[in-house]
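Subject: Handing over a structure

Dear colleague,

I am passing on the structure below, and after it you will find some notes on what turned up when I went through it. Please read them with the model open beside you.

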Amino acid sequence: MSGPGYRPYQPQLQPLQRADHLWIVDGPEVGYRLAGLTLPCPTRMTVVRIGGALWLHSPCEFSAPLAAQLAALGEIGWIIAPNSFHYTHIADWAAANPRAECHLSPDLLPRFTSLPSPAHALGEAPPAAWSGELDQIHVDLGGFIETIFFHRPTATAIVTDLMQNFEADRVVNPITRLILRTGGSIGPSGKTSIDIRLPARRYRDRVRAAAAQMLAWAPKRIILSHGKCYDADILAEINRAFRWATG
């Protein structure tokens, strides 16, 4: 069996606390399709505890030991597929937690008609269940939709694919590293990946509005689904990452 294409973050499949009631879980890489190529892509789930229940953003691979660790933190109440691409493990987590509500990017609803309970479409406004702690921005770019979240108690923005920050020294293959760098995914100048960015050019006004809202939130950190998270110079990172749309 070949080794990973992206040197994994440790620990794997274990909750790592980042702030009060806020954890991340780094999971195994998945194969990311770009221009006919399969590229290694690390995965990361974000967990927020809201009133004793857990909110799972972009669930990583399901495992019984991880589920047991999360159960010690609270009952899983919500399972989130935050954009058009991040849905691989939704069904596994829903099957293991049939009382949890699934909230999905609206274009994913036709894929998930056999979940334990009907799925809800993410939209402009947060549902009452988490509106007391989480804000959100719904960014519809035509062929790609993503909802960005902001956890107010910890001033943490949670971004899936609209910001990426792969670490070059973790990419094992130098050709893969070059492809990722050319596509805009490699830090420290990471941004929206090219397969999303190019088709979204005619929707740059929506990206500008999302970037402006993120700046208004004034986050203290950004948790990313892919690559190194941001813990410093946050406003500058937002401005840099979205310069392709803001000019």
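At 39% relative accessibility, His-21 counts as partly exposed, a class that lies between buried (under 20% relative accessible area) and exposed (over 50%), as found with a 1.4 Å probe on protein chains only. His-21 sits in the loop between E1 and E2, and its phi is near 65 degrees, a positive value in a residue other than glycine.

Before going further, please note that this is a predicted model, in which local features need pLDDT of at least 70 and side-chain atom pairs count only at pLDDT 80 or more, while totals for chains, interfaces and linings use all residues. Residues are numbered from 1 along each chain as its sequence is written, and side-chain values use heavy atoms, with hydrogens and water left out.

Most residues other than glycine have a negative phi, and most peptide bonds are trans.

Two cis peptide bonds deserve a look as well. One joins Gln-10 and Pro-11, with omega about -5 degrees, and Pro-11 lies in the segment before strand E1 (15–19). Another runs from Gly-187 to Pro-188, with omega near 5 degrees, and Pro-188 is found in the loop between helix H3 (174–183) and helix H4 (194–197).

Pro-11 is also one of the residues that Asp-26 touches, leaving aside those up to four places away in sequence, where a contact means heavy atoms within 4.5 Å. Asp-26 belongs to strand E2 (residues 22–34) and counts as buried, at 7% relative accessibility. The side chains of Asp-26 and Arg-44 are joined by a polar contact of 2.8 Å, that is, a pair of N or O atoms within 3.5 Å of which, within protein, one must be able to donate a hydrogen and the other to accept it, residues adjacent in sequence counting only if both atoms are side-chain atoms.

As for the chain as a whole, 52% of its 247 residues count as buried. Among contacts between residues at least 6 apart in sequence, 54% join residues at least 24 apart. The C-alpha atoms fill a box of roughly 45 × 45 × 35 Å, taken along the principal axes.

Conventions:
Helix = DSSP H or I, 4+ residues; strand = E, 2+ residues; numbered from the N terminus.
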